[in-house]
Amino acid sequence: MAEETHKQTLETLPETEAGHSLWQDAWIRLRSNRAAMVSCVILVAIIFSCFVLPIFSFIADPAEIELSTKNSAPTASHWMGQDQLGRDLLSRVLHGGRISILVGLITTTVSLTIGVAVGAIAGYSGGRTDAFLMRTVDVLYSLPFLIIVILFSAVARGQTDALTTWLVDNTNLSHDSIAPFTGLIPLFVAIGALSWLNISRIVRASVQNITGQEYVEAARSLGLSHGRILLRHIIPNAIGPIVVYATLTIPSVMLFEATLSFLGIGVQPPYSSWGILISDGADRMLSNPLLLIFPSIPFILTLMSLNFLGDGLRDALDPKSSKD
Amino acid sequence: MVSVTVLKSSSAIILIGSILLLASCKQKSMVERANEDKIMLVGNSAEPKGLDSQLISGVPESKVLTSLFEGLCGDHPSEDNTMVEGAAKSWEHNESLTEWTFHLQPDAKWSDGKPVTTEDFIFSYHRILNPQLAAAYAPMLHAIKNAKAYNEDQRGFILCGLDENFPVEWDKLSEINFQGDPKVDIDDLKNRDFEKLNLEEKRKLIAGRGLDRLDKTPLEAIAADESLFAWPDKISTDIRNLVLERLISHIDQGEPDLYDKAQVGIVAPDPHTLHISLREPVPYLPAMTRHTSWFPVPKHVVLKHGKMTDRFTEWSELGNIVGNGPFKLKAWRFNHYIEVERNPHYWDAENVELNGIRFFPILNFYTESRAFLAGQLHTAYSLPPELLEWAKENHPEYLRVEPYVGTRYIRFNTRRPGLDNLKVRKALSLALDREELCKYIFEGYKPATALTPKVGNYTPPDILEYDLDKAKALLVEAGYPNGEGLPRYKILTTKINPSVEAVQAAFKELGIGMDVELKTFGPYVSAQQAGDYDISMAGWIGDYPDPTTFLDMWTRGNGNNNTGWSSTEYEALLREAAQQSDPDKRVALLAKAEKILLDDAPIAPIAWYTRLYLHRPEVKGWHPLLLDNHPWKHITLEVEK
Amino acid sequence: MPPLLDIKNLKVHFHTRNGVVKAVDDVSIKVEQGEIAGIVGESGSGKSVTAYSLLGLIPMPPGRIEGGSAIFQGTDLLKLNERELNQYRGRKISMIFQDPMTSLNPYLKVSSQLVEPLAIHENITGKKALHRAIEALESVGIDDAATRIHSYPHEFSGGMRQRVMIAMALITKPDLLIADEPTTALDVTVQKQVLDVIRTLQKDTGTSVIFITHDLAVVHEMCDTVNLLYAGRDVESASASQLIQNPLHAYTRGLYRSNPSNHAKGSDLHTIPGLPPNLAKLGPGCAFRPRNTIGDPSLCLTDQTPELIEHSPRHFVQNCPGCLAKS
Amino acid sequence: MKDIARDIGSRLLQGIIVLFVLITITFFLTRALPFSTFQDEKAVPDHVMEMLEEIHGHDKPLYTQYFMCLKNLATGNLGTSIKLMEGREVSEILSQAFPVSLVLGLVAMAFAISIGIPAGVLSAMRKNTRVDYIIMTFALLGICLPNFVIGPLLAELFGVQLSWLPVAGWGFTQPSTWILPAITLGLISAAYLSRLTRAGMLETLNQDFIRTARAKGQKESTIVIRHALRGGLIPSVAYLGPAFAATISGSVVVESIFQIPGIGGIFINAIQTKDETLIMGPVVLYGTLIITANFLVDLIQLWLNPRLRSHSKS
């Protein structure tokens, strides 16, 4: 008798709380975080205007010089006015935005993957591996970065030019449409190779803190491979500082690109990037502040929204806060 | 444990602390205090590499050195071409401008009280010309008779050519390859052991080095086997052996100093009369003696701290350095400031107004402008061109725009395909609208009509012009219609600024798209010296007020002529002008030479420099000078009440 | 003698994104002076939330106390603000938690965590405080307390850490100790030791205890009275002995029947089918109806929630005919 | 204590190895720079070039030069500058430049810590409230606005317009010259610290022992400082190590904007002129700084996190 009644009541049970995977839960929470959503909209708008608008004709050629009307204020034909060589500032900001966004995202990903990997392995394994990895980080920290840049730019310049000419010959793209991007490859390598040091130390510290906790020993006792433990248990728990640091790296990488471009790697005239436009604007701050303000607006907006989005992501992904 | 109160209070302390400090700073600005103490605050761009006037040559160094030392002639406060008394009270020259006599100030003293005599001057010129010292600016004194031979250690000429009773005249001997053949590449052979080289390599090394530069073993090898060296056939074997024997004996004696044997044209009949004989007439010799490479150094101090030929010894350090100028060194903190104070022993001390000068090495000219406007400097080194308009509107009373003896130009590498074609170079030069460039980019500069600006009695020829259609036509004639077929050149520069981008755009209008290649200063210089460049942005500031400082650069093998261009006709004209003692004829010859240079267009001058800088009105005795060499002793600080 | 703590019609709801979760919906519990009152129920029945809301430890938002009162020594704890509550927390009412592994601060020595309540509430620091702390450790049965006090939590076993927690809670001699499943995370042998410690200390100091657990065996060993919660409401409450002899509600009977010790060897274990209801989608009527296999589900109230009535002296039960019916 | 000493011993050994590797890499990297040290704007004739190379020992084969460099460094002799300040002892140059960078770096980091960490703690305690967003916006501005924009802005406002503070130059006796450069140099670290502290604090405030502390009747602010801060500071402390070393080693941009005679400027000019000894000096100094800074950070983390101590023992 107990059997049937047992089965019968099961069907009529009221629907219990539907199981949510961590990611679905995170998405629900992220969606409800107003600031994160507003930032998403801003980001999409900026990326759209930088990557799509320049295709249309009303955006002028960023390299076209008109000396007689240099440093002029915004007019109907030039919404953001003209820069120190009379070029249309709006189109330079948009074209520059493409390069800066690309640099920001790609190099940050490169430096994050390396940094998190090294940091996690060092923090998790401890002992000799940790010492070896951290001492390598110490060496890389103190290497004279400028020498590497000078050496690298001498070598890299040859390769990128060869690549550009090869592309120009084999595809119908014009030199001006490829050159700004092929020029960035040495930049990705240079920044990526040396900017992961900070994040590796931070991840190591968080991972060391987490590895001490019991559930990691529990996971180890279940015979999970080190790789799985790191990926599934440790890194998600160190997600907080990682996400925050990622959103901090993007602006510094974009500005770093400007410094490198002044040393011969990355963006060469007539192309430009937000970093270069801001630094040019800073030089002319007294005579024409608009040259500083206009490029700074999208730059700061992008980075603000990236940070709010990062924070929203951090809160959403935090396994502990999924309780409430 | 740190409690919240502590954290809050620490940031509070910093805030309160800074407010207190701010209040204390409100009183007199640095400049006002300096005016009272009669100390001039000068922005001097870079940190001087050192204060040994014979080993360094930069403009910032010369600003400090002209306060500590004084050449034979002094700078006139307002006129470019007139000389005033310096270390020499008076001077005269023979009719052909080749023999000069300077009479030193009778009671001139070094800043340690010791008298300044011709012994110091002879020692100084001997030291800077001494090949062991390897002074970069020694060539400034090559006008002196046999100075070049001694400086370049031409042993063959000195040991044999100058020896009267040597059996053969020098003009026959001079065909022997004494100084080495630059075209022969011996870099990889240099450091290898001579015996281990094979025959061919030995011959190559000997030809590359030349007899003057060989050690004992190769010389003996040549003595043993004549075929190792390409002797000119009209030199008989015993003459050959005599030459080799003299060179070998010179080495055996430990390569003694050849100064006396070289009979360098400097003689001092008495402690206050200096007689200089030149190899050719030099009308502008007094002006040349104002250059730091002609400054005397105190013999007794130099020798106290090392041999004559020791580089950068302690002698020119703070505490040891002694000078004959209006001021002496008081303080020197690296990258911070150099301070000089009044030198009581200076012969004209009572006419010196200032009590001291403080030089600030501020490399960032935006920082320097801010420092000036914040009342921290009397005079700034240079105003960034971007701030010219702003300065005109807001601070006209401080702004100074003065002509300067220098030219911004573009250098073509004539060995590169396309650029080896005169028409292409001409087209590129014609595509530069110099008026517009000077109006908007090189603000305040004057459009160049030639390489040499107006200097001395020389009026630059009016050759350069802007004509886009003619340029395009030339390209078609040259076989590159609208730039097709030309490789994609790179414009080499050390700084990305509007001038590079404007030039890039001008060439684009001609149909020739170019990239910009940025290199830091080191690689920028070595790339051009190795001919590893297409086009480069360049500039040159004259060392002395005479066209030759601009025209000598383009002779074959000259350190600055990296264009790969040379013209025998051009060099013949220069040599002829050098021998010409009549100033007007000389200038005409130089103008003819410049015309050849500009017609062949290995370079494309753009604009003549103008010095833009901020300067406080209370600084008196500071007048526009082409060489910007304002004599410190005539400067005064008078604040209008 | 008025009860030490009288909770009446406590309502605590959580306003989350997927609806309002009525974690505690009208709970009334009385705790007499010197008595150990048990709060029993499956996970999600609201037992922990009831205890935490007394001391304001639930995160607000999203949690909010909708209604009811908790009179403790004359004052209603639910009306107090943060500062006033701090006078009660750790001084009048102390708590010990379920997971000893994470409940102690891993970065501080045991000594500094033990003396903290003394510093806050009795302004005792330094040597005197350390002495009191060592005494407290000895009272919970930790030998060589004088030296072990200076080590870090990770240098203690689970059971030892729970003893430290108890020492820390009782060091200020509170009037009421709330123990939130203190033994669940421990193995059985250590569990017994911890329970003995709590019982002996309770007898010596006369502190009243609210003992929260889901383990019936522990309840009967420890508690004087038992309050059974289900789906955020109290189903039945009475003295421990009454409840064993005369369980009334179908849920209580189901629980006792599924107790392993009541089964003959080898017979199937009786279980209550199904899962506790989703507290965000609770309708009116008896919440136990869908799982009522012992009583008569057809008689369970469906339109209005059953009232709590005093079936016999000090024996309250949810008046739901279906659940009270004998099968 | 014994194992702490062992730890320190092994770390010192590792430090020496790191320095050795650093010196070797720097030596060969410097030699690989594509230009000659003795070249000048006006081409230097070959025989002069050869003589200069002989004077400075460049004519010897590379490996002998390398061992000579190691021998000098081992005996603490940093040599003399061969180009930028030819003839001057590197140790003398560093002894004048390093104290400036050190003082500026310390003041900048003091500013960064005293602003960054409290802001991070505050925004963690007041999560997702107005206070949190205001602090976050300022932190982001600190990161987004590069120092070559903030520096001139501060100098223009406080120096030229209000003339409260000197705009350029450095004075050990005039702290007023420290303020603007320290703020410009420290701002980015302050921003990073506030963001990292906030993330670290949020991570720790979620832990169970915080609830225990509350149950003891502890005030919220003391809970944050006494209980949460130690765990919350872990990411920030990890960042502080290298940040300290980087800030002290001088930032070329800030030194150029405020005319600070620090190491940054000298080091960059030394590289531009391939002045080997003047490159090696700062690299060794900076290397030691980094090694000590990271070692100190690890020690602090051991102190902060006792669990690590037992972890490192096992």
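How many residues of chain B are in contact with chain D, and how many of chain D with chain B? Keep that in mind for the first view below; what you are looking at is a predicted model.

**View 1. Chain B meets chain D.** Here 47 residues of chain B are in contact with 56 residues of chain D. On the chain B side, the elements that give two or more residues are helix 1 (4–24), helix 15 (365–373) and helix 21 (521–529). Helix 1 of chain B brings the largest share, nine residues. Sort the chain B side by residue type and you get 22 nonpolar, 19 polar and six charged.

**View 2**

**View 3. Where the domains of chain C touch.** Zooming in, 14 residues of domain 1 of chain C are in contact with 15 residues of domain 2 of chain C. Which helix gives the most to the domain 1 side? That's helix 8 (residues 188–205) of chain C, with seven residues. The domain 1 side divides into nine nonpolar, four polar and one charged.

**View 4. Confidence in what you see.** Chain C has a mean pLDDT of 84, and 99% of its residues reach 70 or more. For the model, the scores are ipTM 0.79 and pTM 0.82.

How values were computed
Residues are numbered from 1 along each chain as its sequence is written. Chains are lettered from A and ligands numbered from 1 in the order in which they are written. This is a predicted model: local features need pLDDT of at least 70, side-chain atom pairs count only at pLDDT 80 or more; totals for chains, interfaces and linings use all residues. Two residues are in contact if their C-beta atoms, placed from the backbone, lie within 7 Å. Helices (H or I, at least four residues) and strands (E, at least two) are DSSP runs, numbered from the N terminus. Ala, Val, Leu, Ile, Met, Phe, Trp, Tyr, Cys and Pro count as nonpolar, Asp, Glu, Lys and Arg as charged, and the others, Gly among them, as polar. pLDDT is the predictor's confidence in each residue, from 0 to 100.
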